[in-house]
Amino acid sequence: MEPYPVVTSIDEVFKARRIPFSSEHKRLIADALTVAHDAHEGQKRASGDEYITHCLATAQILASIGMDAQTIAAGILHDVPEDTTVTLAEIEKRFGSEIAYIVDGITKLSRIRLTEKREEYFLENLRKMFLAMASDIRVVIVKLADRLHNMRTLEFRPTEKQLRIARETMEIYAPIANRLGINEIKGELEDLAFRYLEPEHFATTQAMMDELTATSGDYVRRSIEAFRTELKEEGITIEDIHGRIKNTYRLYQKLSRHEMNINRVYDLFAIRIIVPKIADCYEALGVIHKRHRPMIGRIKDYISLPKPNGYQSLHTTIFGPEGRILEIQIRTQKMHNEAEFGIAAHWLYSEQTRSSWKSFFRRKPTPSIETPRELLWVKQLQNWQQEIGRDNSEFAEGLKIDFFKNHIFAFTPKGDIIELPEEATPVDFAYAIHSEVGNSAVGAKIDGRMVALDTHIQNGEVVEILTTKEKKKPGKDWIRFVKTSLAKDHIRKALKKLDN
Ligand code: MN
């Protein structure tokens, strides 16, 4: 296993960010480093490296996904109150309440300790993550960067710790990175955890990949040059074009669905083409299809119909140069940033937009500025937790269902998007619109056809709920097939009211 390079200087942190820091922000980060450096003086990592290398590596990861200077300073200071004699109060005095708040959040998260029952610990951990997330999402982003570096250096820990940490990473951290859309971190966390949890499968998959990379690497490079020329000839501007290799863990999952036959995995390599505007994406697709025959059934327009996690791109699989099968992904830079960095991509936007999110959390109306979808979801979670109250087991149970299931998007006839877990029904859809719509629902249409109320809605379908004014109560059997906690809650409440 190749060791990760140890981060030893602040310049490596600065270089990791594509948008340069202002000199004021550089000073802030350098100040944080001075404090952390003195505080951790003499402490060593399990690897034998100076402790400060962990603080720097965490900061470098945060910079690489485009986080702001405050978050990076908090990333550098994240272990100070827990592991050194410097207190949170001192951090607040020197760096202000915002940075201290993030550091405090991380300290609280790291205090979660294993209780006797594993399951209980897992759920408690999750719950705290979410509470932290709902108050300031940056706490969770720093925690993800911290975990990523700990995973990169996991080889230095004892075996039983490796297993526990890897498992926690696969079950908690990777899904959270996924939900926040930080693909870059999610993929690496999964691959690292996979290596420790299933070493044999990891080794076989990795060997397959290495062999293919050795035989196909040059082909991918030749194809990139071919596409570059073809698109240029047709007058299309390319902002970037590069190859990408599928993550090891994702490849393994796909292989296990295809009898471990790597020849049936068409998207092991893909070529990504970044163009300036949405219209250019379709034009580039046209140019490529004109010259290379596309494979039937593999053209996907995730621009008009984004994936449940918000992912946007055009995908096609073609018989490429030299007659070999190749997947092409076409997107704008904005789509690319959001696909790789998710919620973190929004930190690249203006300060004004971000301050509007803060007021969003304070429940002030901010009608003019579009709120990122990831934050809407956090808000939903916050409200939902308040509704359910303090009953941990119910909250945790709901989380398992609503959070870890893949989500789908359905549309109202007017085109509004309703986000639901997989296998959600028209009744879930109705309650997601409004409790009154749910209670007075008598039937539903999906894509214009009448369907039963327990039908599973598929991604992208248009759902119309038929209601009557006379009816004001849910069906008694609905509770058996609804999927969302929200619908269950409303149905129980409405039925209870009728009983009284
Ligand atoms: Mn740490």
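**Strands and a manganese site**

Trainee: Which residue in E9 is the bridge partner of Ile 446?
Mentor: A quick note: this is a predicted model, where local features need pLDDT of at least 70, side-chain atom pairs count only at pLDDT 80 or more, and totals for chains, interfaces and linings use all residues. Residues are numbered from 1 along each chain as its sequence is written, and side-chain values use heavy atoms, leaving out hydrogens and water. Strands are DSSP runs (E, at least two residues), numbered from the N terminus. In E9, Ile 446 has as its bridge partner Arg 449.

Trainee: In what order do the three strands of the open sheet come?
Mentor: Strands pair if DSSP finds at least two bridges between them, and E8 (residues 441–446) and E9 have three, in the antiparallel sense. The edge strands, E9 (449–451) and E10 (463–467), each pair on one side only. That gives the order E9-E8-E10.

Trainee: Which protein residues are donors of the manganese ion?
Mentor: Donors are N, O and S atoms within 2.8 Å of the metal (3.2 Å for Na, K and Ca); water is not among the atoms, so sites may look incomplete. Lying 2.2 to 2.3 Å from the ion, the protein donors are His 54 (NE2), His 78 (NE2), Asp 79 (OD) and Asp 146 (OD).

How values were computed: Helix = DSSP H or I, 4+ residues; strand = E, 2+ residues; numbered from the N terminus.
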